[in-house]
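Here is a predicted model.

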Amino acid sequence: MSFSDYLADRWPTIARQMAEHAEVVLIAVGIAAVIGIGLGIAVEGRPRLSRLALGVTGTMLTVPSLALFGLLIPLFGLGLAPTITALVLYAVFPILRNTITGLESVPGAVEEAARGMGLGRASRMLRVRLPLAWPVVLTGVRVATIMTVAIAAIAAAVAGPGLGELIFGGLSRIGGANALNDTLAGTLGVALLALALDLLFAVVSRLTTPRGMR
């Protein structure tokens with residue numbers, strides 16, 4: 001079967017798996033954003049705590065994804081739970097790093113002016129510092145999203161949802177009927193999904209960033 005015929009025949013299944021892949025990635029990145037931004041706000045301005053937080057979360061990136069998924073099986077079993085847990089662990093670091101960097105880049109004079117207006121620490125963070133740091137923070141979220149789109153394909157090894165089912169299924173049957181088509185469709189699907197999500201965050205960045213800061 002040619003690849004075009006394969007796509008015409010299997011498109012509903014491929015579309016469903018792409019939707020599942022996007023869903024699990026967005027859930028994981030959403031959780032990681034809450035953790036990363038919250039932790040970044042908590043440790044910013046505290047160099048030792050910042051280094052510790054970045055060191056711990058950065059270490060997760062050195063763990064091979066297949067090994068991490070395997071280590072999570074005794075804790076969470078198979079399926080969605082180990083998939084989301086692993087993706088969150090990988091996604092936190094770029095979001096945390098960019099949150100700290102973005103907050104540190106806010107000019108001191110701006111914060112002094114906000115303090116002079118009577119704004120407390122929490123108000124300065126929410127109304128001044130975080131909005132000014134937002135473009136840098138959102139860049140970290142975009143990087144985390146693209147990274148986790150690729151890693152989520154490995155989740156098929158622990159029965160996770162998404163396009164990894166096609167890739168792993170095709171590779172396990174290499175030489176068999178439609179094995180190459182399965183692998184190619186899964187790989188192209190991951191690439192297209194990464195591009196689509198990156199474009200989505202580019203639009204979000206444009207809509208949520210004031211014109212003078214673009």
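Q: In which helix is the place of Ile-27?
A: This is a predicted model. Ile-27 has its place in helix H1.

Q: Is Ile-27 buried, partly exposed or exposed?
A: Its relative accessible area is 35%. Buried means under 20% and exposed means over 50%, with partly exposed in between. Ile-27 is therefore partly exposed.

Q: Is Val-25 buried or exposed?
A: Val-25 is also found in helix H1. The relative accessible area of Val-25 is 0%. The cut-off for buried is under 20%, so Val-25 is buried.

Q: Which residues is Val-25 in contact with, leaving aside its neighbours within four places in sequence?
A: Val-25 is buried. Its contacts beyond those neighbours are Thr-145, Thr-148, Val-149, Ala-152 and Leu-197.

Q: Why are the buried residues of H7 on the same side, and which helices do they pack against?
A: Gly-164, Leu-166, Ile-167 and Gly-170 are buried in helix H7, residues 164-172. They cover an arc of only 165 degrees around the axis, so they lie on the same side of H7. Their packing partners are helix H1 (3-43) and helix H8 (179-208).

How values were computed
Residues are numbered from 1 along each chain as its sequence is written. This is a predicted model: local features need pLDDT of at least 70, side-chain atom pairs count only at pLDDT 80 or more; totals for chains, interfaces and linings use all residues. Side-chain values use heavy atoms; hydrogens and water are left out. Buried means under 20% relative accessible area, exposed over 50%, partly exposed in between (1.4 Å probe, protein chains only). Helices (H or I, at least four residues) and strands (E, at least two) are DSSP runs, numbered from the N terminus. The arc is that of the directions from the helix axis to the C-beta atoms. Contact means heavy atoms within 4.5 Å.
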